[in-house]
Amino acid sequence: MSVLCLIANPAEPVLTPEVVDAVHKETHGEINWLAQGVACEIVAPRAARPTQMAREVIGNAPIDAALVPRANRRKKLLVADMDSTMIEQECIDELADALGIKPQVAEITDRAMRGELDFAQALDTRVALLKGLEKKVVEEVRRERITLAPGGRALIQTMRAYGAHTALVSGGFTLFAEYFAKRIGFDEFRANVLEFDAEGKLTGTVEKPIVDKDVKRATLTALAEARGIIPALTMAVGDGANDLDMLNAAGLGVAIHAKPTVAEQAEVRIDHGDLTALLYLQGYAEDDFVR
């Protein structure tokens, strides 16, 4: 049995009873509101392709539609990407901006996230361009330029309150991942380690092995096995090509505000909602949220 989820962004609560009724007319099933104006689920839709039918009804309205299994719906493990997922920026691009080379680095980042470049090679190339940047500047960037993605703290705090384990696994850097993992409330983190010289300046290198798509997928699998969590009870979220293997390995993989090629291949895509959409996908109502 499946559940069709209709989700809008809490900042733009445009999911009206009229829209839900129009979708229900095409899909049938049982309507259950999770948050007025923001999230509603239709349990056991009887249409052959309910997600496609819902999107046709929704049209250009900023509302996401996703079909999820009803069984094993509340997950016990969440593995999340950091850059452009749990935070709104790409850290390496912001570091490059401090050196006045953001356009050059951001182009490489964008191509890597679209899967056009080998991630490890692209990371090495970009980090090399940061050589000489002082650690205190890195910390300033972290403090002044990086913002948390909306809904992230509610997502992590709620899942942890209901017994899930959460991990931030990033192809970015520990100087950011550790800091934001603690701020958001993750149980643990994993990321790449930037290397500094004796004067506290970047050497232009990163410790190996690099956290890439293989490491992300392997981390998800290892965390689940270590805790006796079956694959169906795992969830992963990310936006880039280096997240795809992790998303596909999870019981529920969610591409959030992702590159088109990633969104097309992921089991579930969230284009409009914030990170609380992952709670609604699991059947949590707004009243269940821990903030």
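Which residue in E11 does Gly238 stand opposite? Select Gly238 and Ala255 together: Gly238 stands opposite Ala255 in E11. The model is predicted, and local features need pLDDT of at least 70, side-chain atom pairs count only at pLDDT 80 or more, and totals for chains, interfaces and linings use all residues. Residues are numbered from 1 along each chain as its sequence is written, and side-chain values use heavy atoms, with hydrogens and water left out.

**The sheet**

Next, select residues 234–238 and 252–256. These are strands E10 and E11, which run parallel and are joined by four bridges. Strands (E, at least two residues) and helices (H or I, at least four) are DSSP runs, numbered from the N terminus. Two strands pair if DSSP finds at least two bridges between them.

**Helix H9**

Select Thr221, which lies in helix H9. Thr221 counts as partly exposed because its relative accessibility is 35%; the term covers values between buried (under 20% relative accessible area) and exposed (over 50%), with a 1.4 Å probe and protein chains only.

**The largest pocket**

Finally, select Leu117, Phe119, Lys213, Ala241 and Asn242, which lie nearest the centre of the largest pocket among its 13 lining residues. Helix H5 (119–129), helix H9 (213–226) and helix H10 (244–249) each give two or more residues to this lining. A pocket is an open set of points on a 1 Å grid over the protein atoms alone, where a 1.4 Å probe fits, with protein on both sides within 12 Å along at least five of seven lines; lining residues have an atom within 4 Å of a point.
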